[in-house]
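Please keep the sequence and the structure at hand while reading.

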There are 2 protein chains.
Amino acid sequence: VAGGGSQPFQDIRLRGFADRVAVAEALRRIDAAARRLDAEEIDVGTAAGRVLAAPLAAVTDMPPEDRAAIDGFAVQAGDSLGAGDYDPVILLLAEAAPAIAPGHAVPVAAGAAWPPGGDAVLPFERAQAQGNRVEVFAPVAAGTGIARRAQEARAGAVLLDAGHILRPQDPGLLAAFGIERVAVVRRPRVHLVIAGAKEAGHDANGPMVSNLVARDGGLVAALASGVADRAAIARELAAPGADAVLVAGRSGTGSDDVAPLALAEVGDLALHGIALRPGGSTAIGNAPNPARPGRAGTPEGGVPVILLPGEPLACLVAYELFAGRLIRLLGGRGAAFPHRICEVELAGKIVSAIGFVEFRPVRLVGGHAEPLATSEGGGLADALRADGFVVVPAPLEGYAPGARIRVHLFGEEAEIR
Amino acid sequence: VAGGGSQPFQDIRLRGFADRVAVAEALRRIDAAARRLDAEEIDVGTAAGRVLAAPLAAVTDMPPEDRAAIDGFAVQAGDSLGAGDYDPVILLLAEAAPAIAPGHAVPVAAGAAWPPGGDAVLPFERAQAQGNRVEVFAPVAAGTGIARRAQEARAGAVLLDAGHILRPQDPGLLAAFGIERVAVVRRPRVHLVIAGAKEAGHDANGPMVSNLVARDGGLVAALASGVADRAAIARELAAPGADAVLVAGRSGTGSDDVAPLALAEVGDLALHGIALRPGGSTAIGNAPNPARPGRAGTPEGGVPVILLPGEPLACLVAYELFAGRLIRLLGGRGAAFPHRICEVELAGKIVSAIGFVEFRPVRLVGGHAEPLATSEGGGLADALRADGFVVVPAPLEGYAPGARIRVHLFGEEAEIR
């Protein structure tokens, strides 16, 4: 991660953080390093959720020809003048005629090419066939029920702008425009490293970070678990092929917290220790990029690396604040949190240390936000029970009961309750 | 789809809908038929986005033992009394001692089992080792930095309620609790039938409905495209193995609109023709269920079927109003639209026929909602350009400029603009 000058490396194990970087400065470094990836062309049918790398234009006029827009009888509108329920106009039924002659009605289906001669469609509710005659019960205005050539879009007209995230229906709608391939931003390939000894069945951070990366449009291209020591972490950091490396665990101040040392050894440790609770032992830097050799520490030469704390709640916080932002920006998405926001009244009190950004899980009860207790090094049950979180900015010492606060909602169902 | 008595079948082709069912009545039928599916047990790591079928309880105390919650020195808190920056207290460093004796300090890592004898952790910022001595620069309160056994949860305590939709972080947090398998509602297996002749590269509804089904937690277990005639549609409707069948196309009033006839032949056509624009040619009914034989038309005997219009915008509207609700309810989710909602001022005028529910795409510009023109049988480009939609209830004739309206947002990025 580029920007600022990196401090000379200091081993903070068993010493603690002499000083901590502000969250805003850490975000600035991430934004400077997270340059949008290049584009790739993919089948439109598989493009839901992807980000358009270029504006998308209609390849033909749409519709490419005049068409019937509704089911009914193609007629000359003038023939229906004066028709009424008790005074029907009678037209001659001409099945499958190539053109509409005066006094005639031709059944057409929505989407069919428009027969010449006619200028309106009478829906079946207003006209009924009886033998070879059609009784018309209401008049129709000229132009009704016809989709004119290029009415939707002319060939070359921009349908969607670059940066648009394709919604579930968009690939289908684009297919209807005859578009088969689209240029989208490449999905960030994330190398996820779970540092520390393997504990059977208890690895929280592997599934957690994998799911969050997928939510933010990234692809966990490689996942290494149980990466126990400094040399093994260094090997993972130096492995080629990733657009970003996330290491979870071994980032703290204990004697076995060797991930920052490994990063300083093979690449560049730009910062370690952030004025954030929880998640303050996060580190940010660069790994070497064998595919694009250059000086480590420059965007050209390095692959952005974030070292996340191993304690699951701290890992979640550091992911949400830093890693998710990196993945979203690499993939052409917005920097902002992807969560829904609601503004509610705080039911209790939130205490935060001035100078520290505090990330606090809350539960929505009866339209109010109840802060959940954060116990040091814990908070797992609270993270499960939480409907969302509040971010207390560094200059504040918290919020008083009754304050209106913005809650970022973790899930979809929270709003329904 | 159960409820109400079905009308005797009428072929409305070339005749139009004599009368239309209210949207509210169609929704009532869907709600009556959409009974939550049974549960299945899956690995917790794969459970993001799934719906819990039963409450989830802690299997052990968490933590299962007293643990260090932070990195630092385990001490007896009383020994740190009176310590200050210029007047440090000196303790003896006891590496890896099994217990804490008075006057001693033992380095501990967050998460490690708590050594007996101590009652607090001094973080490394407040204490520094020098040779075999530890200088303590600030006092620590008893209990600091220790996570007590069962502090998070006692064995058997409910962590998450039935019906909870697992967020990206939840599988990891549950794994940290030692939970390996979870009981979730089975994903609805959807049989998707694209009726009508195959047009190369222009099938909008296949990808559109597939993506929407996935968004709503369903699984397109079978997809049949280019199902051209009545007999072929009937065969698809009678195929076993689906929890719901969606047919897109051939539901209108044209002569080749044979999907309702096929459904009436093999199962039960409960209703056809809804007071809705666009999407009014939607039909709802039941297919026979070979796995659970019974009278078609009862929930026991039938598989819910929705016939969606083939025109893509009408198909989208009918999916959002009816099919999505069916899939969500079968899968244990809420009936409500899954879209984010924003309340904004309407920049133009929306005109709607009294008695019809109108679904209207809108674009958000400068914090206002601009209605997009719906051309009969078209609106593809508008659907692409739309940020969301407005639903005009049946009793209203629309909204005047300046009205405050609720917009359901199609995508995530719309809020950021």
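Predicted model: local features only at pLDDT ≥ 70, side-chain atom pairs only at ≥ 80, totals over all residues.

Two strands are taken to pair if DSSP finds at least two bridges between them, and in that sense A:His272 has A:Ala283 of E18(A) as its bridge partner.

- The same surface serves both copies, since 100% of the contact residues of chain A recur in chain B.

**The six-stranded sheet of chain A**

- Six strands of chain A form an open sheet of mixed pairing, in the order E14-E13-E15-E19-E18-E16.
- At the edges stand strand E14 (219-227) and strand E16 (268-272) of chain A, each with a single partner strand, so one side of each is left without a neighbour in the sheet.
- From one strand to the next, the twist averages 20°.
- The partner of E16(A) is strand E18 (residues 283-288) of chain A, and the two pair in the antiparallel sense over four bridges.

**Helices lying across the sheet**

- Helix H4 (residues 230-238) of chain A lies across strands E13 (189-195), E14, E15 (244-248), E18 and E19 (302-308) of chain A, and it runs at about 170° to E14(A).
- Helix H6 (residues 312-330) of chain A lies across E13, E15 and E19 of chain A, and its direction is at about 160° to E19(A).

**Helix-helix contacts**

- Helix H3 (residues 205-215) of chain A packs on H6(A) at an angle of about 30°, with the axes 10 Å apart; angles under 35 degrees count as roughly parallel, and H3(A) and H6(A) are therefore roughly parallel to each other.
- H3(A) passes H6(A) in a right-handed crossing, and the contact is made by residues including A:Met208, A:Val209 and A:Leu212 of H3(A) and A:Cys315, A:Leu316 and A:Tyr319 of H6(A).
- The residues of this contact of H3(A) with H6(A) divide into nine nonpolar, one polar and three charged.
- In chain B, helix H4 (residues 230-238) and helix H5 (residues 259-266) pack at an angle of about 50°, with their axes 8 Å apart, and H4(B) and H5(B) are therefore oblique to each other.
- The crossing in which H4(B) passes H5(B) is right-handed; B:Arg230, B:Ile233, B:Ala234 and B:Leu237 in H4(B) meet residues of H5(B), among them B:Leu261, B:Ala262 and B:Glu265.
- By class, the contact of H4(B) with H5(B) has eight nonpolar, no polar and two charged residues.

**Strands E20, E22 and E23 of chain A**

- Strand E20 (residues 340-346) of chain A runs parallel to strand E23 (residues 368-371) of chain A, and two bridges join them; the bridge partner of A:Leu346 in E23(A) is A:Ala369.
- Strand E22 (residues 357-365) of chain A pairs with E23(A) in the antiparallel sense over four bridges, and A:Val365 has A:His368 of E23(A) as its bridge partner.
- The hairpin of E22(A) and E23(A) has two residues between the strands, and in it A:Gly366 takes a positive phi near 55°.

Definitions and conventions:
Residues numbered from 1 in each chain as written. Chains lettered and ligands numbered in written order. Heavy atoms only, no water. Axes fitted to C-alpha atoms, helices over the stretch in contact; angles between N-to-C directions. Parallel < 35°, antiparallel > 145°, perpendicular 65-115°, else oblique. Left-handed = near helix turned anticlockwise from the far one by under 90°. Contact = heavy atoms within 4.5 Å. Nonpolar A, V, L, I, M, F, W, Y, C, P; charged D, E, K, R; others polar.
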